[in-house]
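The terms are given with their cut-offs as they come up.

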Amino acid sequence: MSRRIKRMNPKPRSRDERDDSRPHQARSAKKAGPRLGKPGGKPGAKPPRFAGERAERRPPKAELERAAPTKPVEALLPTKVQTVTVTADENNMRVDRFLEARFPGLSFSHIQRVVRKGELRVDGKRVDSKDRLEGGQSVRIPPLKLDAPKAAGPLSEAAQKTLKALKEMTIFEDDDVLVLNKPAGLAVQGGSGMTRHIDQMLEVMRDAKGQKPRLVHRIDRETSGCLLIAKTRFAASHLTGAFRSRSARKIYWALVPGLPKPKQGRISTFLAKEESEDDTIMRIAQHGDEGASHAVTYYAVVETAGNKLTWVSLKPVTGRTHQLRAHMAHIGHPIIGDPKYFNIENWELPGGLQNRLHLLARRIIIPHPRGGVIDATAPLPPHMQQSWNLLGLDASRFDPIENAPEE
């Protein structure tokens, strides 16, 4: 399989150009800063880590309340039968996830009910909630409604511990949005035999109206870093829309073996899911293959450790399952500690480094539902910080991924 990698055109930067931002920061502004790849600021000033200037803090709460929408969120739900078309970005999405993304606030039980009763149809046929959709398919949506909220009682001791754990993970929080620094090893959603995950932990944050914070995107269980949560139905609707329209910008850091060439480039492939009883992986596919989705990733070498190990910054344009992990393996530089995609024979992990996935969701930038920009940064997790220390890598070094286009 040939690899489609295009060289980026970086602008020369010196080692002295440092990022003076600190971890655990999130800001918003009245107006979004410049797009990535278009440096701004006054002449002679240091460039920020990314081209968009760091946003100022959000306007006062009173201003935000004045900017609130006039229509209640319930008005966004269909009150009569409607037909919608599956977009290219929704290709290969499960039916239940499709409904969650399109209509934030619907309960799991309500989604299962409309699907089980056959009220939802795809191209005129009944489907199961776990079936996958294809771009261009027609989906019949029945009238939907929000479940009545349950009365909230006092938190148990276990719930209080869960709430404390969530607060310790919090990078940024306001009335609409929560950004967590998810630790490696903690799943975002439940699976077979899994009892503790972020979605389950969020139950302790139900408000007086019974609203529970909602996931608007996901990161892999072993990936640490920025995870965006909507605290209201209004925020969930806007944030999922921002992900669909690719208004969200995400930056990841990883440690890989060898030195990718060219040092900055674009990886473009089709990916398809390959499932077995024990595992699920994404394989490189051909256009037209069943379940294949186009995936694009930009990468840039930030710093090397004797050409044996390299710190790379990654910017996914699309958001496919395991996209970054599959793409780095595809170009011959799988991420250190990846149990699914690290396939270099007879390769030995340097002494002192932990055999854990070295992938961090470093930064997320997305329009705030009520105006301004959410800009959150997560620090290196302990096992990656240990590797950075051992290898002499400088986490404040200028990140050249800002040169990546916005497509």
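**Cavities, helices, cores and loops**

The count comes to 2 cavities of 30 Å³ or more. A cavity here is a set of points, on a 1 Å grid over the protein atoms alone, where a 1.4 Å probe fits but cannot get out, and its lining residues have an atom within 4 Å of a point. Grid points are joined across faces, edges and corners, and a volume is the space filled by probe spheres set on the points. Rolling a probe the size of a water molecule over the atoms shows where empty space is left. The model is predicted: local features need pLDDT of at least 70, side-chain atom pairs count only at pLDDT 80 or more, and totals for chains, interfaces and linings use all residues. Residues are numbered from 1 along each chain as its sequence is written, and side-chain values use heavy atoms, with hydrogens and water left out.

The second largest cavity has a volume of about 40 Å³. Its lining is made up of His217, Cys226, Lys250, Ile251, Tyr252, Ala361, Arg363 and Ile364. Two or more of these residues come from each of strand 11 (249-257) and strand 16 (359-367). Strands (E, at least two residues) and helices (H or I, at least four) are DSSP runs, numbered from the N terminus. By class, the lining holds 5 nonpolar, 1 polar and 2 charged residues. In this scheme Ala, Val, Leu, Ile, Met, Phe, Trp, Tyr, Cys and Pro count as nonpolar, Asp, Glu, Lys and Arg as charged, and the others, Gly among them, as polar.

For the chain as a whole, the secondary structure comes to 8 helices and 17 strands. Of its 407 residues, 51% count as buried, where buried means under 20% relative accessible area, exposed over 50%, and partly exposed in between (1.4 Å probe, protein chains only). Among contacts with a separation of 6 or more, 70% join residues 24 or more positions apart; a contact means heavy atoms within 4.5 Å.

How many of the 8 residues of helix 7 (residues 323-330) are buried? The number is 8 of 8, so helix 7 is largely enclosed by the rest of the structure. Just after helix 7, Gly332 takes a positive phi of about 90 degrees.

Helix 8 (residues 382-391) has the buried residues His383, Met384, Ser387 and Trp388. Seen down the helix axis, these fall within an arc of 140 degrees, so they line one face of helix 8; the arc is that of the directions from the helix axis to the C-beta atoms. An α-helix has 3.6 residues a turn, so residues three or four places apart point the same way. Pro382 and Asn389, on the other side of helix 8, are exposed. The cover over the buried residues includes strand 11, strand 15 (309-316) and strand 16.

The largest nonpolar core has 39 residues, of which Val179, Leu228, Leu239, Ile366 and Ile374 touch the most other members. Such a core is a set of buried Ala, Val, Leu, Ile, Met, Phe, Trp, Tyr and Cys residues joined through side-chain atoms within 4.5 Å. Leaving aside neighbours within four places in sequence, Leu239 is in contact with Val177, Val216, Leu228, Ala230, Ile366, Pro367, Pro369 and Ile374. Apart from this core lies another, of 33 residues, among them Val204, Ile219, Tyr252 and Val256.

The loops remain. Most residues other than glycine have a negative phi, and most peptide bonds are trans. The bond from Lys261 to Pro262 is cis, with omega near 0 degrees, and Pro262 lies in the loop between strand 11 and strand 12 (264-275). Arg246 has a positive phi, near 60 degrees, in the loop between helix 6 (233-244) and strand 11. Arg246 is partly exposed, with a relative accessible area of 39%.

Definitions and conventions:
1 Å grid on protein atoms, 1.4 Å probe; cavity = no way out; pocket = protein on both sides within 12 Å on 5 of 7 lines; lining within 4 Å.
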